[in-house]
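Reader: I am new to this model. Would you please show me how to read it?

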Amino acid sequence: MQAIDVSAPKSNVRKGGLKKAADLLEAVMRTLFTVCGFIAVGFVVIITVFLIISGVPAIGEIGIIDFLFGTRWASTAAEPSFGILPFILTSVYGTFGAILVGVPVGILCAVFAAKYANRKMASLTRGLVGLMSGIPSVVYGLIGMIIVVPAVREIFGLPDGANLFSAMIVLSIMILPSVISVSETALRAVPKEYEEASLALGATKTETVFKVTLPAAKSGILTAVVLGIGRAIGEAMAVMMVAGNVANMPGIFQSVRFLTTAVASEMSYSSGLQRQALFSIALVLFAFIMLINLTLNLVVKRSDKKK
Amino acid sequence: MISKNSTYSAKRKVKEKLLKALVFAAAGITGLLIIGVVIYIFFRGLPHVTLGLLASKPSLLNGTVGILPNILNTLYIIFITLLIVLPLGVGAAVYLNEYAKNKKAVRLIELAAETLAGIPSIIYGLVGMLIFVQFCSLETSVLAGSLTLVIMTLPTIIRTTQESLKTVPNGYREGALALGAGKWHMIRTTVLPSAVDGIVTGCILSVGRIVGESAALMFTAGMANEVLGFFEAFTPGNAGSTLAVSLYVYAKERGDFDTAFAIAAILLVLTLLINIGANFAAKKLGKGKDRK
């Protein structure tokens, strides 16, 4: 327990200059804390401004329609072409694939941890989920390169296993921890009375969980899904290691490039319009992320209002 | 009627069993998957974690690899980042919890922090490159990388500190003020010491994020493998890759999977330690709440 500093009263005997100095200190500290407080806002503004300033010129030069809906990306060709539709679609498909597998599995895991596991199992689950979310994305990428890619190649008899499908598998594993932990919190927050009422009406435990608890936790689970989408669409390193990294239009067994990897893979050797176009890609990605954040905020706000 | 009812209940039973099996299967598979991954990485990586690897730098002449520079760079970046982000983050949390009276301002700051937390690290890498490497002309350097990570870890520090400030009983504040302490004196001597658990938790979580970060550092801190002195890390122009970045380079660009797995094993051990540390700190934080 913290003791309250008893030396405080002494400073109470302030007279003239001493009081002025103390007031000045208070004013300085107040200003400092206020500046610190608004620094996060400043960072968001700076990031947005820098991305817009460096991303917009190339879009203007290429033309927004050609840029967003062009299907051919050949940044280093003699006659360069900067269409990023392949990257946008790949990011959307890849994220969708990850959600398709990751969300149901994640929700089932959360149901297990919140409703079926005893204390020990629940804390073990929480530990494993914590470990999973702490594992760096390059490690997931390494595992993907060594295990998933060869497995996909063997199972489907492909010349190369580094494709959209492998990326979906790795992404669906990577979004699991956020889906599990957020859904679990949502499931635990459902009032016990709901479940008790359902059980008293003769429903079994499993029926109660799936027909009462899960629907009641809907908004929390929706939050989990949106978070998962954000994580999947923003992942760069792991995807770069397993998706093959060729600017094709997406197909399930095509070697593809995501929005994130398009930026990362050419940045180190790019120049001129090519470099500017990479910033434009980042701007598009940023717009996607802001859209997801906005959705998340709306979902959370709506669920807060309900309470 | 009875027979109809019994078929219905048979259907019910099957459905019930099926759903239950699904739940257990999902949990079991996920659990086995993660344990399998951990064991696999240790199995492939630990045999290659040798003293020679840990204590030397890569040498083309001898044909040896070493990750000493990467270990040092990781430590430097953790140190510099925390040095800068701690005052900023704790200050922001103190402002939000102790000073701010305008609800709209609080909401705006919290919204900004949430936005920062949601931005993917590749964007941080790019913006860090634009701001610190080019605009502030720090060049590709450990310092530029650290500054980028300051922005990235800020929301974590703000959130954990704020959570723990909220658990400091108001009586402490009133007591200090009643004894005649000024507001800053009250914060320094009473509020902050009681919130130390949250600050520590924030630090641990940030270290975890820094250790695992790669996309944000590739273009800001670079991929160099030279051993840097402590003060060199603070000067612009000295590039250096962390463990996670070097893992990527070894795996993807050089195809040296033995070294990559050795680094992965080290990263995994660090992740485990950080998780245990964070849980421990969070438990202490939880106890602080009970104390009220």
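Predicted model: local features only at pLDDT ≥ 70, side-chain atom pairs only at ≥ 80, totals over all residues.

Reader: How is a helix pair described?

Author: Two packed helices are described by the angle between their axes and the distance between the axes. Here helix α5 (residues 137–156) of chain A packs against helix α6 (residues 164–188) of chain A at about 135°, with axes 10 Å apart. Axes are lines fitted to C-alpha atoms over the stretch in contact, and angles run from 0 to 180 degrees between N-to-C directions. Helices are DSSP runs (H or I, at least four residues), numbered from the N terminus.

Reader: Which residues of α5(A) and α6(A) meet?

Author: Among them are A:Gly144 and A:Val148 in α5(A), and A:Ile169 and A:Ile173 in α6(A). Contact requires C-beta atoms, placed from the backbone, within 7 Å. By class, this contact has nine nonpolar, three polar and no charged residues. Ala, Val, Leu, Ile, Met, Phe, Trp, Tyr, Cys and Pro count as nonpolar, Asp, Glu, Lys and Arg as charged, and the others, Gly among them, as polar.

Reader: How many residues of chain A are in contact with chain B?

Author: In chain A, 68 residues are in contact with 75 residues of chain B. Helix α1 (residues 17–62) of chain A supplies the largest share of chain A's side, 21 residues. That side divides into 48 nonpolar, 16 polar and four charged residues.

Reader: Which domains are assigned in chain B?

Author: The assignment, automatic or from a database, gives domain 1 (2–48) and domain 2 (52–291). Their contact takes seven residues from domain 1 of chain B and eight residues from domain 2 of chain B.

Terms used: Residues numbered from 1 in each chain as written. Chains lettered and ligands numbered in written order. Helix = DSSP H or I, 4+ residues; strand = E, 2+ residues; numbered from the N terminus. Contact = placed C-beta atoms within 7 Å.
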